[in-house]
Amino acid sequence: MKGPFALKLAYIMTWVIQGGYIVYLVGRFKRVREELKELERGK
Amino acid sequence: MKLLFRIFIALTVVALAFAAYEGLVVAPTEQTMGNVQRIFYYHVPSAWTAFLLFFANFIASIAYLIWRKPAADAVAAATAEVGVVFCTVVLVTGPIWARPVWGIWWTWDARLTTTLVLWLIYVSYLVLRRYSTGTQTSLLAAALAIFGFVDVPIVYMTIRWFRTQHPSPVIGGGPNSGLAPSMWPPLLWNWLAFSMLAIIVVVARYRLQMMEQEVEARHAQAALQGSTQ
């Protein structure tokens with residue numbers, strides 16, 4: 001693996017990991033909000 | 001408060017873009033390694049941020065053991081999870097740098113091995129929190145976090161205690177260590193930007209944890225009401 005390719009790959013992988021986690025968090029937020037709304041409705 | 005948080009997010013995006021520019025364009029090209037050395041500007045700040053997050057997890061875990069406040073438990077959960085994300089970046093970018101420089105992806109030297117162990121400790125912490133169903137989960141997690149944190153200073157000191165394949169420290173590594181002065185601003189900008197990102201994600205994860213605690217409490221309340229009727 002050549003240096004410039006490794007550099008690009010490292011920067012891309014960093015943002016894939018960070019971005020992937022943020023997307024996962026947003027999904028969890030949506031699910032918990034829905035669940036809270038349902039609990040409110042069921043009161 | 002919401003407006004302040006949004007301004008902080010906007011500032012973080014600007015800081016991340018500027019830090020990437022500093023690391024990729026402004027920083028000088030290292031003489032022996034060439035451009036691949038620029039991975040350092042993502043790898044090292046991610047490691048420092050992960051250490052800080054694990055330290056915050058350690059403090060929050062002690063606070064939980066003393067006061068048993070759900071907020072302390074939520075801070076511990078948030079910092080551990082975000083810390084694992086940053087530690088994953090360290091473990092991924094390190095081998096990508098090592099392949100062209102050392103000719104190998106991985107070696108079982110002290111720094112690399114203890115970092116992998118650190119990641120495994122905090123992944124087990126998250127697995128414990130996720131799949132343990134007992135009422136003592138937070139207590140067990142806090143105890144694990146306190147013992148687990150012992151590995152953080154060990155990881156930090158490995159390149160001082162042992163001769164490792166990993167490069168020697170750039171801070172506090174002795175008279176012949178250190179960075180070229182022109183490499184400091186890109187490094188510090190990236191650390192600042194990643195720390196700001198970590199704050200945003202920890203705050204979001206903390207809110208999520210508190211919401212999840214509320215859902216659990218309401219479910220428990222509903223179940224209790226159902227059983228007494």
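1. A crossing of two helices is called left-handed if the near helix is turned anticlockwise from the far one by less than a right angle, and right-handed if it is turned clockwise. Helices here are DSSP runs of H or I with at least four residues, strands are runs of E with at least two, and both are numbered from the N terminus. By that rule, α3(B) and α4(B) make a left-handed crossing.

2. A word on the source. This is a predicted model, in which local features need pLDDT of at least 70, side-chain atom pairs count only at pLDDT 80 or more, and totals for chains, interfaces and linings use all residues. Residues are numbered from 1 along each chain as its sequence is written, while chains are lettered from A and ligands numbered from 1 in the order in which they are written.

3. Confidence comes next. pLDDT is the predictor's confidence in each residue, from 0 to 100. Chain B has a mean pLDDT of 93, and 97% of its residues reach 70 or more. For the complex, the predictor gives an ipTM of 0.93 and a pTM of 0.94.

4. Back to the helix pair in chain B. Helix α3 spans residues 70-102 and helix α4 spans residues 110-131. Their axes come within 10 Å and cross at roughly 145°. Axes are lines fitted to C-alpha atoms, for helices over the stretch in contact, with angles from 0 to 180 degrees between N-to-C directions. On α3(B), the contact includes A77(B), V84(B) and L91(B); on α4(B), it includes L116(B), W119(B) and Y122(B). Contact means C-beta atoms, placed from the backbone, within 7 Å. The residues of this contact are 13 nonpolar, three polar and two charged. Ala, Val, Leu, Ile, Met, Phe, Trp, Tyr, Cys and Pro count as nonpolar; Asp, Glu, Lys and Arg as charged; the others, Gly among them, as polar.

5. Is T12(B) buried or exposed? T12(B) is buried because it has 20 C-beta neighbours inside 10 Å. The cut-offs are 20 or more other C-beta atoms within 10 Å for buried, 12 or fewer for exposed, and partly exposed in between. T12(B) sits in helix α1, residues 2-26. Its C-alpha atom is 6.1 Å from that of A193(B), 181 residues apart along the chain. Beyond four places in sequence, T12(B) touches A193(B), M196(B), L197(B) and I200(B).

6. Chain A has one helix and zero strands. Its C-alpha trace spans about 60 × 10 × 5 Å along its principal axes. Of its 43 residues, 12% are buried.

7. At the interface, 24 residues of chain B contact 22 residues of chain A. On the chain B side, α3 and α7 (184-228) each give two or more residues.

Notes: Contact = placed C-beta atoms within 7 Å.
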